[in-house]
Amino acid sequence: MSAPHSPHHEEPASFAFDAESEAQIEKILKRYPEGKQASGVIPLLYVAQKQMGRATGSAWVPRVAMDTIAERLGMAPIRVYEVATFYFMFNTKPIGRFHLQVCGTTPCWLRGSDEVLRACKDAGHLKGYGDTSEDGLFTMTEVECLGGCVNAPILQVDDDYYEDMDYESTVKLLEALKRGERPKPGSMQGRQGSAPIGGPETVLDIPMRHAAPGRAGEE
């Protein structure tokens, strides 16, 4: 794994898909009929972003990568730029090694997302949303609803959801990331899916199904 670097580095002069990305692209483009390859622009942007993350430690999509995608799909470059700048999932400028995405929408806010934000600032040495730590490890952004309201508050790290967060569990998570560890995603309170804290409270006694009368031994 390459070392984290400053988020202020310049746009690369060129971009080419590596072997891992090419294998993914081959599978992606098979989904679309001949002449409709432009429909693959979103997954190819994601492939490019993941490759930049592997290669540089910063998962983002430089303009030259968008140009490469446009050429590959037979699109005008501006069409790729439009897609990349429309969707929040694509980073069009360098970020830290770990992308901390704090949900501040109403359910997460009511459940304590302000404490998650405070923990990210304290443990990640971040000034606020949009900031990248001096060591290049963390970039923090505010996101809209992540769809995990029942396990709020949610902190998304790269592509992983960490749920039922509070100040202490957020600090613990960031400290683990600093050590090079990747804690298991999911509920930080041990919930099974979105079951109540402490375990299920309903449908606890499910009777066994019995064979219908007269069926036993029939072939």
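Biologist: Why does tyrosine 87 count as partly exposed?

Modeller: Its relative accessibility is 36%, and partly exposed is the range between buried, under 20% relative accessible area, and exposed, over 50% (1.4 Å probe, protein chains only); therefore tyrosine 87 counts as partly exposed. A word on the source: this is a predicted model, where local features need pLDDT of at least 70 and side-chain atom pairs count only at pLDDT 80 or more, while totals for chains, interfaces and linings use all residues. Residues are numbered from 1 along each chain as its sequence is written, and side-chain values use heavy atoms, with hydrogens and water left out.

Biologist: What makes cysteine 108 buried?

Modeller: Cysteine 108 has 3% relative accessibility, so it counts as buried. Leaving aside neighbours within four places in sequence, its contacts (heavy atoms within 4.5 Å) are Cys103, Ser113, Ala152, Pro153 and Ile154.

Biologist: And why is cysteine 145 called partly exposed?

Modeller: Cysteine 145 has a relative accessible area of 44%, so it is partly exposed.

Biologist: Which residues does the UniProt annotation "binding site" cover?

Modeller: In the unreviewed UniProt entry, that annotation covers Cys103, Cys108, Cys145 and Cys149; such annotations may be inferred rather than shown by experiment, and positions follow the numbering used here, with feature names shortened.

Biologist: How do you know that they gather at one spot?

Modeller: They span 47 residues in sequence, yet no two of their C-alpha atoms are more than 9.6 Å apart, so they gather at one spot.
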